[in-house]
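This briefing is meant to be read beside the sequence and the coordinates.

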Amino acid sequence: MTVRGDARKAMGLAALCAALVLMGCDGRSDGVLPAAQAAPASAAGVAPDPQHGLAQPPTQVGGQSRAEVFEAVRHMTALGKQMFVDPSLSGSGKLSCASCHSPGNAFTPANALSVQLGGGDLHRQGLRAVPTLMYLRSVPQFTLHYHDSDDDGDESVDAGPTGGLTWDGRVNRASDQARIPILSSFEMGSTPGKVAAAVRAAPYADEFRKTFGSAVFDNDDATFKAVLQSLEAFEQTPQVFEPYTSKYDAWLDGKAKLTDAELHGLQLFNDETKGNCASCHISQPTKTGAPPQFSDFGLIAIGVPRNHAIAANRDPKFFDLGVCGPERTDRKEDEYCGLFRTPTLRNVALKKSFFHNGIYHSLDDVLRFYARRDTNPSEFYPVVGGKVRKFDDLPRRYWANLNTDPPFDRKPGDAPVFSDAEIKDVLAFLNTLTDGWQPAAH
Ligand code: HEC
Ligand code: HEC
């Protein structure tokens, strides 16, 4: 399997790591955050596993035993579940997390809008398509230089910027993530004070007090923090968010048969000279036998076309450049412009808008983009005065950031990566990634 990323950088970092072995750069750490900083010991908190994943229950937290921690987490989960669907937490009183992250659609919107509407009057447009909330526990913490021990067995390879939550990886904890939509003027448009008042008046107020102690209502910030922790705990419910019940999982377990079309699609998906999809959307179980996540969580530029359905894009000077901003503000360097986190493809068939800007509304269109972006660019980008304006959502000075591995290695005149028949088979394969598969009743 080819490894995405810049070979020059990889070698540079291998050398750097060799030099740093004494200081503990063993290539295994998930990155820039030292463990202690990454895992603050918050009393009722669910601290992240510094090695992998955004959060795991700790063994001993703030003097509590493991059993006590689990009991607290169980209560927080039950509370978070109620808050997730509670519109009273929003400024408008009309929007809950579930309005955008609909449980019946793998926690993505039930509608096919590219971006959702929010704010006080529910008329303000967001900037980005809503990602699924499923399988997020495997997302590593954001790091600029990722070394994967699972993937290729070669930990000296630097896979580049990887991980973190949201399309640009700008937060590391689900509780910090939850703060964003609650406070965002174009999403739930609330304030810690409004949230605290809503919780005090909610049917679950007593349960909340019992779980966090009566002092939790003494000040709004403490209440707000407990709300965020509860939402985070809920988002880690394995049965809800990580069921691993797709046909593909059953097939990996030897409990299902893939059809010829599905198998052919899988082969095209894995083939390094065709789709090469699995180089980023990993399809094999890890070395330790954990199920594949269909993402390596890399932050990658693939040149998705500009979406004119997004109001902000009416300003020709506005560009959503992912890691380098404007939503994210700590990585302004040119080399991070145009990078977005590779999404999981688990349950992708339940989505109604694709890519960070929601430009496509069917998987067929997404697959055509991959198959024909470089061979038939005029099908995807505007043609002005007879010339195709390729990569119209990424200013030219950042084009060096675009990935050039297959399937992005063709030019006009080459055969498309997939024929129409092959696209059908890849589509059939992607449909095996939907959870809730049942063996056909006999
Ligand atoms: C108005 C729609 C909307 C609402 C309401 C909303 N979200 Fe989101 N959510 C989004 C969008 C859009 C993103 C992607 C943001 C980005 O990339 O900047 C997102 C991203 C996320 C992510 C990160 C997913 C990933 O793949 O990294 C999490 C976790 C999340 N939301 C949880 C929540 C929770 C919890 C709530 C309720 C408190 C909530 N969201 C409410 C639209 C919404
Ligand atoms: C070099 C890494 C890379 C390769 C190779 C790659 N992808 Fe992706 N994929 C991404 C990234 C990054 C995104 C998000 C891009 C964005 O929104 O700007 C993405 C997004 C997607 C989406 C949209 C998912 C969603 O939730 O919106 C689908 C579907 C998809 N890829 C399928 C494929 C298929 C099929 C192939 C092979 C033909 C493939 N990818 C090859 C990195 C890759």
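The points below are grouped by topic.

The model is predicted. The chain holds 13 helices and 6 strands, and 42% of its 442 residues are buried. Of the contacts between residues at least 6 apart in sequence, 69% join residues at least 24 apart.

**Ligand 1**

- There are 26 residues around ligand 1, and Cys97, Cys100, Thr166, Trp167 and Pro181 come nearest.
- Two elements, α4 (97–100) and α5 (174–183), each give two or more residues to this shell.
- The largest share comes from α5, with 5 residues.
- By class, the shell around ligand 1 consists of 15 nonpolar, 7 polar and 4 charged residues.

**Ligand 2**

- Ligand 2 has 27 residues around it, of which Gly275, Cys277, Cys280, Phe355 and His356 come nearest.
- Helix α12 supplies the largest share of the shell around ligand 2, 4 residues.
- The shell around ligand 2 divides into 17 nonpolar, 7 polar and 3 charged residues.

**Nonpolar core**

- In soluble globular proteins, nonpolar side chains tend to be buried together.
- The largest nonpolar core has 86 residues, and Val195, Val227, Leu231 and Val426 touch the most other members.
- This core lies between domain 1 (43–137 + 171–240) and domain 2 (247–433), because both domains give residues to it.
- Leaving aside residues up to four places away in sequence, Val195 touches Leu89, Ile182, Ser190, Phe224 and Val227.

- The buried residues of α13 (420–430) are Ile423, Asp425, Val426, Phe429 and Leu430.
- These residues cover an arc of only 160° around the axis, so they are on the same side of α13.
- Asp420 and Ala421 are exposed and sit on the face of α13 turned away from its buried side.
- The cover over the buried residues of α13 includes α11 (260–270) and α12 (363–372).
- In α11, the buried residues are Glu262, Gly265, Leu266, Leu268 and Phe269.
- Seen down the axis of α11, the buried residues fall within an arc of 165°, and therefore line one face of the helix.
- The buried residues of α11 pack against α13.

**Cis peptide bonds**

- Gly325 and Pro326 are joined by a cis peptide bond with omega of about 5°.
- Pro326 is in the loop between β3 (299–300) and β4 (340–341).
- A cis peptide bond also joins Pro406 and Pro407, where omega is about 5°.
- Pro407 belongs to the loop between β6 and α13.

- Ala106 is not a glycine, yet its phi is positive, at about 55°.
- The loop between α4 and β1 (117–118) contains Ala106.
- Ala106 counts as buried because it has 23 C-beta neighbours inside 10 Å, where 20 or more are required.
- Asn276 is another residue other than glycine with a positive phi, near 55°.
- Asn276 is found in the loop between α11 and β3.
- With 23 other C-beta atoms within 10 Å, Asn276 is buried.

**Asn403**

- Asn403 is in the loop between β6 (387–388) and α13 (420–430).
- It is partly exposed, because 19 other C-beta atoms lie within 10 Å.
- Asn403 and Leu339 are 64 residues apart in sequence, with a C-alpha to C-alpha distance of 9.8 Å.

Notes. Residues numbered from 1 in each chain as written. Chains lettered and ligands numbered in written order. Predicted model: local features only at pLDDT ≥ 70, side-chain atom pairs only at ≥ 80, totals over all residues. Near = placed C-beta within 6 Å. Nonpolar A, V, L, I, M, F, W, Y, C, P; charged D, E, K, R; others polar. Buried ≥ 20, exposed ≤ 12 C-beta atoms within 10 Å, placed from the backbone. Arc of directions from axis to C-beta. Contact = placed C-beta atoms within 7 Å. Core = buried A, V, L, I, M, F, W, Y, C linked by C-beta atoms within 7 Å. Domains from an automatic or database assignment.
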